[in-house]
Amino acid sequence: MRSVEDQQARVAAAAVAPRPVRVAIAEAQGLMCAEEVVTERPLPGFDQAAIDGYAVRSVDVMGADSGGDADVTLPVVSTVAAGERTPTRLQPRQAARVQTGAPMPTLADAVLPLRWTDGGESRVRVLRGVRSGAYVRRTGDDVQPGDVAVRAGTIIGPAQVGLLAAVGRERVLVHPRPRLTIISVGGELVDISRTPGNGQVYDVNSYALAAAGRDAGAEVNRVGIVDADPKTLRDVVEGQLSRSEVVVIAGAVGGAAAEGVRAVLAELGEMEVARIAMHPGSVQGFGTLGRDGVPVFLLPANPVSALVVFEVMVRPLIRMSLGKRQPMRRVVPARTLSPISSVVGRKGFLRGQLMRDQDTGEYLVQALGGAPGASHLLATLAEANCLVIVPTEAEQIRTGESVEVAFLAQRG
């Protein structure tokens, strides 16, 4: 039986990163930048007012102070709006009313806030002076020509999108989302648009795994149920290999039907089904198929087991393909609120609810799902916000003991 860590290493060695593509910056959020974005123009591109007020020469208002001992009054010779394109020039002992973002008049070196004046329209009385450069955004204060605005390897978020727009970039080179194909096999399966007959069940896996793939950051193609007929299955899988970076086939381990699936896949490349020292989902398959060696996973038919195997094996591969430096979920220690049973010799990934003590800040975890054999309880997985990671050698974790807990996606 292979350890979880050994299997994860085998999977990681097969990671395939899509080639970088150039996309509109509106579509780049969440993706990793694949180029050094060097600015060609300064930001701001001109001296501009940082607040609404009066553009002045600081030397002309130095005599004013908050005590009002000196009376400084200046004529207001113009109003400069944001977006004004006609240059304005001040003469000594003049002021110009300016809006936030307006270009600074020539000779003006500061903006006098409205609250430091009487707000006059034709003449303004200054209540307090300002220093040179006060409330002015100087040309290139933010970015100078030749500066790197966004570095390669940076995950593009709202701030990076804004900066790209500010420096005039319409498109940016990024590592795209890996394309993930989800396939379900099993003669007992029907789509949710139909009513199951005797012995039939809904195809849960293709929907749940597609959602897990999107949550991981992949571009998902949910093929749905595919007939296990060898020719049909081969044609579908072979077609998907040419347009995918990762393929997941649920229901393809365990039982005689799964043996037929594996026989078909063996014609397309290397595929191994092995027992992994974990529960649930110990029996799983992994290989690289097709001319390009596309990573292909075979997952159990049980939806809970399939989702746990996806979380432990497939999700990290997707995150690596996205270029994430830390592909694994965040793990924290937590104190158990009830006993947790596990299987000796297998690393447990058990559903749980993670809480935090408001007084101490300590993490607390309540295991869900009952005994180790209750891996079929999908409802408890829907309630879980974490996976409790039980060491391989442990059969039971007692109440109050510390365990490692992996965060799952935060719920709205």
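This is a predicted model: local features need pLDDT of at least 70, side-chain atom pairs count only at pLDDT 80 or more; totals for chains, interfaces and linings use all residues.
Although V16 and L74 are 58 residues apart in sequence, their C-alpha atoms lie 68 Å from each other in space.

The C-alpha atoms of D142 and N198 are 68 Å apart in space, while 56 residues separate D142 from N198 in sequence.

## Salt bridges between separate parts of the chain

Side chains of opposite charge can pair when their charged atoms come close. The structure holds 18 salt bridges, and one of them is formed by R151 with E36, whose closest N and O atoms are 3.4 Å apart. Because R151 lies in the loop between β11 (148–150) and α2 (158–166), and E36 in the loop between β2 (32–33) and β3 (37–38), this pair ties together parts that are 115 residues apart in sequence. E36 itself is partly exposed, with a relative accessible area of 39%.

Another salt bridge brings together the side chains of D71 and R125, again with an N to O distance of 3.4 Å. This pair links distant parts of the chain, since D71 sits in the loop between β5 (53–56) and β6 (72–80) and R125 in strand β9 (residues 123–126), 54 residues apart. Of the two partners, D71 is exposed, with a relative accessible area of 60%, whereas R125 is partly exposed at 34%.

## A helix-to-loop pair and a shared network

The side chains of R234 and E267 also meet in a salt bridge, at 2.6 Å from N to O. R234 is partly exposed, with a relative accessible area of 25%, while E267 is exposed, with a value of 54%.

Beyond these pairs, salt bridges that share partners join D215, E311, R315 and R329 into one network.

## Helix α3 and its buried side

Helix α3 (residues 205–216) has 12 residues, which at 1.5 Å a residue should span 16 Å, and the 16 Å between its end C-alpha atoms agrees with that expectation. The buried residues of α3 are N205, S206, L209, A210, A212, G213 and A216. These residues cover an arc of only 160° around the axis, and they are therefore on the same side of α3. An α-helix has 3.6 residues a turn, so residues three or four places apart point the same way.

## The second largest pocket

Rolling a probe the size of a water molecule over the atoms shows where empty space is left. In the second largest pocket this space comes to about 260 Å³. The lining is drawn from V38, T39, E40, R41, P42, L43 and G45, together with A166, V167, G168 and R169. By residue class, the lining of this pocket divides into five nonpolar, three polar and three charged residues.

How values were computed. Residues are numbered from 1 along each chain as its sequence is written. Side-chain values use heavy atoms; hydrogens and water are left out. On a 1 Å grid over the protein atoms alone, a cavity is a set of points where a 1.4 Å probe fits but cannot get out, and a pocket is an open set with protein on both sides within 12 Å along at least five of seven lines; lining residues have an atom within 4 Å of a point. Grid points are joined across faces, edges and corners, and a volume is the space filled by probe spheres set on the points. Ala, Val, Leu, Ile, Met, Phe, Trp, Tyr, Cys and Pro count as nonpolar, Asp, Glu, Lys and Arg as charged, and the others, Gly among them, as polar. A salt bridge is a side-chain nitrogen of Lys or Arg within 4 Å of a carboxyl oxygen of Asp or Glu. Helices (H or I, at least four residues) and strands (E, at least two) are DSSP runs, numbered from the N terminus. Buried means under 20% relative accessible area, exposed over 50%, partly exposed in between (1.4 Å probe, protein chains only). The expected span of a helix is 1.5 Å times one less than its number of residues. The arc is that of the directions from the helix axis to the C-beta atoms.
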